Amino acid sequence: MQKKIIFTENAPAPIGPYNQAVLIGNTLYTSGQIALHPQTGELILDDIETETRQVMENMKAVLAAADMTFENVVKTSIFIMNMGDFARINSVYGSYFDEKTAPARETVQVACLPKNVNVEISMVAIK
């Protein structure tokens with residue numbers, strides 16, 4: 001199978017040697033998204049809900065570039081700096097999915113994330 005690189009200007013451009021997502025067959029593997037505004041490159045860190053919403057909007061744009069939606073997502077990985085923020089992150093994250101068809105997921109607390117953000121999310125989606 002041939003891999004197809006997915007890129008959209010509606011999500012932040014990669015800041016290293018990686019791509020926003022890679023499509024192999026009907027499976028999309030996304031890189032982690034943080035709360036960078038796609039047009040300005042500024043971090044959106046007003047509060048954890050706003051930060052999480054920006055992450056999910058970035059992910060929505062990457063999925064759309066591969067002609068997918070959150071309905072196609074089968075697995076997510078959430079990395080957070082403070083497990084005390086979990087409920088507020090989960091509330092925003094959950095608003096993007098139908099609970100009956102929500103993907104599998106793990107959430108882990110980490111010591112540090114790129115640019116010292118509070119949350120990073122990656123996904124696997126299938127068309």
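Two aromatic rings of Phe, Tyr or Trp count as a pair if their centres lie within 6.5 Å. The structure, which is a predicted model, holds three aromatic pairs. Two of the pairs are set out below.

| Aromatic pair | Centre to centre | Angle between planes | Geometry |
|---|---|---|---|
| F70 and Y96 | 5.3 Å | 65° | edge-to-face |
| Y93 and F97 | 4.9 Å | 45° | tilted |

Together, F70, Y93, Y96 and F97 make up one aromatic cluster.

**The sheet**

Six strands form an open sheet with mixed pairing, and their order across the sheet is β1-β2-β3-β6-β4-β5. At the edges are β1 (3-6) and β5 (104-109), each of which pairs on one side only. From one strand to the next, the twist averages 15°. In general, the strands of a sheet pair through backbone hydrogen bonds, in a parallel or an antiparallel manner. Here β2 (residues 21-24) and β3 (residues 27-30) run antiparallel and are joined by four bridges. Within this pairing, I24 stands opposite T27 in β3.

**The helices**

Helix α1 (residues 48-65) lies across β1, β2, β3, β4 (73-80) and β6 (119-126). The direction of α1 is at about 30° to β6. Helix α2 (residues 86-94) also packs on the sheet, where it touches β4, β5 and β6. The direction of α2 makes about 150° with that of β4.

The buried residues of α2 are I89, V92 and Y93. These residues lie on the same side of α2, because they cover an arc of only 100° around the axis. A87 and S91, on the other side of α2, are exposed. The packing partners of the buried residues of α2 are α1, β4, β5 and β6.

In soluble globular proteins, nonpolar side chains tend to be buried together. The largest nonpolar core in this model has 29 residues, of which L28, L63, F70 and M123 touch the most other members. At least two residues of this core come from each of β2, α1, β4, α2 and β6. The contribution of α1 is the greatest, at seven residues.

What is M123 in contact with, leaving aside its neighbours within four places in sequence? The contacts of M123 are L28, Y29, T30, M56, M59, L63, F70, V73, K75, T76 and F97.

Is K100 buried or exposed? With a relative accessible area of 78%, K100 is exposed, because exposed means over 50%. From K100 to P17 the distance in space is 36 Å, C-alpha to C-alpha, and the two are 83 residues apart in sequence.

How values were computed: Residues are numbered from 1 along each chain as its sequence is written. This is a predicted model: local features need pLDDT of at least 70, side-chain atom pairs count only at pLDDT 80 or more; totals for chains, interfaces and linings use all residues. Side-chain values use heavy atoms; hydrogens and water are left out. Two strands pair if DSSP finds at least two bridges between them. Axes are lines fitted to C-alpha atoms, for helices over the stretch in contact, and angles run from 0 to 180 degrees between N-to-C directions. Contact means heavy atoms within 4.5 Å. Rings of Phe, Tyr and Trp (its six-membered ring) pair if their centres lie within 6.5 Å; planes under 30 degrees apart count as stacked, over 60 as edge-to-face and the rest as tilted. Buried means under 20% relative accessible area, exposed over 50%, partly exposed in between (1.4 Å probe, protein chains only). The arc is that of the directions from the helix axis to the C-beta atoms. A nonpolar core is a set of buried Ala, Val, Leu, Ile, Met, Phe, Trp, Tyr and Cys residues joined through side-chain atoms within 4.5 Å.
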